[in-house]
Amino acid sequence: MKPPRFRIISGRIFHNNLENEQLSLRKSHQNDLWFHAHNIPGSHVVLHLDGREADELSIEDAASVAAWFSSANRANSGGKVEIDYCPVKNLSKARGAKPGHLIYKNFKTIYVEARNPHDFLSPAEEGKEKA
């Protein structure tokens with residue numbers, strides 16, 4: 001049986017840190033999973049769970065998108081990238097922090113290779129994300 005597939009949204013489709021922040025804090029549900037490269041610049045990535053439990057493959061897919069859209073991907077030719085992830089409810093913004101700079105707690109870390117999302121998104125999924 002195939003594992004359930006989830007929608008993965010990357011801040012890469014947005015143009016600035018403010019929109020990255022809006023994706024993470026306003027356009028996601030509390031139990032969705034948020035991903036970001038550890039201690040380096042990168043896009044925010046959200047795995048929308050729609051009330052379901054995330055499977056390991058979907059977590060790896062979302063983490064590989066976060067790795068792809070991070071500065072580690074550009075500097076790290078083919079190596080593994082350290083990606084932190086947590087439920088969106090564990091995100092907050094410090095008062096006075098710059099847009100897109102979030103604080104997260106109770107997170108897990110996964111090491112993945114950066115993968116181009118176009119390599120594993122179906123055309124139907126890809127079309128939905130561009131809408």
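Let's start at Gly51, which is found in the loop between S3 and H2. Those labels come from DSSP runs numbered from the N terminus, where a helix (H or I) needs at least four residues and a strand (E) at least two. Gly51 is exposed, because its relative accessible area is 82%. By exposed I mean over 50% relative accessible area, while buried is under 20% and partly exposed is in between, using a 1.4 Å probe and protein chains only. The C-alpha atoms of Gly51 and Asn31 are separated by 7.4 Å, although the two are 20 residues apart along the chain.

Before we go on, a word about what we are looking at. This is a predicted model, so local features need pLDDT of at least 70 and side-chain atom pairs count only at pLDDT 80 or more, while totals for chains, interfaces and linings use all residues. Residues are numbered from 1 along each chain as its sequence is written, and side-chain values use heavy atoms, with hydrogens and water left out.

Now the whole protein. How many helices and strands does the protein have? There are four helices and seven strands, and from the N terminus on they run β-α-β-β-α-α-β-β-β-β-α. Of the 131 residues, 40% count as buried. Let me also bring in contacts, meaning heavy atoms within 4.5 Å. Take the contacts between residues at least 6 apart in sequence: 67% of them join residues at least 24 apart.

Back to the loop where we began. Asp50 also lies between strand S3 (45-48) and H2, and Asp50 counts as exposed because its relative accessibility is 55%. Its backbone deserves a look. Most residues other than glycine have a negative phi. Phi of Asp50, however, is near 50°, a positive value in a residue other than glycine.

Asn106 gives us another case, with phi near 50°. Where is Asn106 placed? You will find Asn106 in the loop between strand S6 (103-104) and strand S7 (108-113). With 62% relative accessibility, Asn106 counts as exposed. Leaving out residues up to four places away in sequence, Asn106 touches Cys86 and Asn90. Asp84 is 22 residues from Asn106 along the chain, and their C-alpha atoms are separated by 10.0 Å.

H2 has 13 residues and reaches 18 Å from its first C-alpha to its last, close to the 18 Å expected at 1.5 Å a residue. That expected span is 1.5 Å times one less than the number of residues. At the start of H2, a side-chain oxygen of Asp55 reaches to within 3.2 Å of the backbone nitrogen of Leu57. Several residues of H2 are buried, among them Ser58, Ile59, Asp61 and Ala62.

Is Asp61 buried or exposed? Asp61 counts as buried, because its relative accessibility is 3%. Asp61 lies in H2, residues 56-68, and its side chain is joined to that of Arg115 by a polar contact of 3.4 Å. A polar contact is a pair of N or O atoms within 3.5 Å; within protein, one must be able to donate a hydrogen and the other to accept it, and residues adjacent in sequence count only if both atoms are side-chain atoms. Not counting residues up to four places away in sequence, Asp61 touches Arg5, Ile8, Arg115 and Phe120.

Next, the largest pocket, with a volume of about 380 Å³. A pocket here is an open set of points on a 1 Å grid over the protein atoms alone, where a 1.4 Å probe fits, with protein on both sides within 12 Å along at least five of seven lines; lining residues have an atom within 4 Å of a point. The volume is the space filled by probe spheres set on the points, which are joined across faces, edges and corners. The largest pocket is lined by 19 residues, and His36, Ile40, Pro41, Gly42 and Gly100 lie nearest its centre. Helix H1 (17-25) and strand S2 (33-37) each supply at least two lining residues, and S2 gives the largest share, three residues.

Last stop: His101, in the loop between strand S5 (91-92) and S6. His101 is partly exposed, because its relative accessible area is 44%. His101 touches Glu21 and Lys93, again not counting residues up to four places away in sequence. From His101 to Asn17 is 84 residues in sequence but 7.9 Å in space, C-alpha to C-alpha.
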